[in-house]
Amino acid sequence: MSNVFKKFLKKRKRAKIQAQNQKAARTAGRNGDDYQQQLSRHRHAVIRKTVITASVVIAAAAALLIFIEKRSYRSYKTIQIHEQEDVVSNQYEMMSGKILRYSPEGASLVNNEMSAYWSSLYEMQNPVADINDDWAVIADVDGTELRIFNKEGEAGSVTTSYSIVKARISANGLVAAILDGGDSTWINYYASDGSLIAENQTHVEDPGYPMDIAVSDDGEIMMVTYQFIDGSDTTSYVAFYNFGDVGQNEPDRIVSGYTYEGVVIPEIEYLDADSSLALREDGFTLYKGRQIPKEAVTEKVDKEIVSTFSDDETIGMVFKNGDKDKKYTMKVYSPEGNLRFEKNFNIPYTTIKMSGGNILLYNDSQICVMNSRGTTKYTGTVDGSINNFIKIGWNRYLLVMDSGVRVIKLS
């Protein structure tokens, strides 16, 4: 075989091998592209399935919430009856998810079965409780005794030098109290163990008589509404005292104050760390600011307000509208001052309040439950005489009757 022919065969063999390699590469490329396409399609399918599943879950949850929000009940079931309870002396309020039961002889934290977690004895003539989450203060109004409690039991006590008019507690156990000293009044501030933090003497002439008091959640700001006579007009003054660094260089620690001529402001409260509320005879004013509160929103009505109610999430007013069939109008606002709903109704209530996020109305023999959006969850009559009505859990309520205490469930 000649050298020329051998070279030809080698060249042909190399060309064949090269062609095979190129074909294999093209095949591998196509297979790789197919794999990437399959992987991409699989990923899109998984994402699409996840999105569809999440959408179904969200839609189902939304439908459930709407159902719960709009659902009304026709009756109720009595879950528990406690006939041995001394409903003449005892008062009941919610505290730390449980029930604070207190009387002139003492206080206890109990569950739905009225079994006590703790109890404390004292002697008072007219005990009145103020509760803020896990803390409570019980004040002997017109007396001189203060008792401070948390969810574990008694934390501190105070014997004041003057008669107690009112006491309020913060979410961390600090207590502000209005004391009547005759010619002058005192506004005292106490730690959770009862030790005195600060005291401030006030006069009717300046800045006025203190009507109500409120404390911020952290206990750093104390809000006071004063009333005084300016000429022939009743005038109110709302003052904010800052007991932190911001207020140390201000006169009497007042960091902001607002005067309202011809307006009575009987109630004030803190909604959260940054928001506070003044309930006026002609509406309400909201204040915003953690260290130096400022006026934010004022809502006025031109009709006589017969009732107000509020909690951290709701501000409500009721006034007569002149309609014979539905003589009351209820307006409910958000903590930002936005109107949530307006509703006419004709329930002959004697008490209206917020409890567990619900609006509760009741009289001697009738109860009505509304949610914060204005849906009537239940309305009906009760056998016996009602002393108090409290929401104690999801769809569960405490009825304090003249014959004892009942736990009921709407059905």
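Here are some notes on this predicted model, written as numbered points.

1. Ground rules. This is a predicted model, where local features need pLDDT of at least 70 and side-chain atom pairs count only at pLDDT 80 or more, while totals for chains, interfaces and linings use all residues. Residues are numbered from 1 along each chain as its sequence is written, and side-chain values use heavy atoms, with hydrogens and water left out.

2. The overall make-up. (Helices, H or I with at least four residues, and strands, E with at least two, are DSSP runs numbered from the N terminus.) Of the 411 residues in the chain, 44% are buried. Buried means under 20% relative accessible area, exposed means over 50%, and partly exposed is in between, using a 1.4 Å probe and protein chains only. Now take the contacts between residues at least 6 apart in sequence: 39% of them join residues at least 24 apart. A contact here means heavy atoms within 4.5 Å.

3. The largest pocket. Its volume is about 1700 Å³, and 44 residues line it. Asp130, Ile131, Glu269, Ser310 and Met354 are the ones nearest its centre. Strands that give two or more residues to this lining include β2 (91-95), β6 (127-132), β18 (267-270) and β30 (386-393). By type, the lining splits into 19 nonpolar, 11 polar and 14 charged residues. (Nonpolar covers Ala, Val, Leu, Ile, Met, Phe, Trp, Tyr, Cys and Pro; charged covers Asp, Glu, Lys and Arg; the others, Gly among them, count as polar.)

4. What "pocket" means. On a 1 Å grid over the protein atoms alone, a pocket is an open set of points with protein on both sides within 12 Å along at least five of seven lines, and lining residues have an atom within 4 Å of a point. Grid points are joined across faces, edges and corners, and the volume is the space filled by probe spheres set on the points.

5. Look for the open sheet with the order β2-β3-β4-β5, paired antiparallel. Two strands pair if DSSP finds at least two bridges between them. The edge strands are β2 and β5 (116-121), each pairing on one side only. The twist averages 20 degrees from one strand to the next; for such angles, axes are lines fitted to C-alpha atoms, and values run from 0 to 180 degrees between N-to-C directions. Five bridges link β4 (residues 106-110) with β5, and Val110 has Ala116 as its bridge partner.

6. Another open sheet of four strands. This one runs β10-β11-β12-β13, again with antiparallel pairing. Its edges are β10 and β13 (196-203); each has a single partner strand, so one side of each is left without a neighbour in the sheet. Seven bridges join β12 (residues 184-190) to β13, with Asn188 standing opposite Glu199.

7. Lys77. You'll find Lys77 in strand β1 (residues 76-82). Lys77 counts as exposed because its relative accessibility is 53%. Leaving aside residues up to four places away in sequence, Lys77 touches Val407, Ile408, Lys409 and Ser411. Lys77 and Arg396 are 319 residues apart in sequence, but their C-alpha atoms are 9.6 Å apart in space.

8. Two positive phi values. Arg253, in the loop between β16 (233-242) and β17 (254-261), has phi near 65 degrees, a positive value in a residue other than glycine. Arg253 is partly exposed at 26% relative accessibility. Asn395 has phi near 60 degrees and sits in the loop between β30 and β31 (396-401). Asn395 is buried, with a relative accessible area of 7%.

Methods:
1 Å grid on protein atoms, 1.4 Å probe; cavity = no way out; pocket = protein on both sides within 12 Å on 5 of 7 lines; lining within 4 Å.
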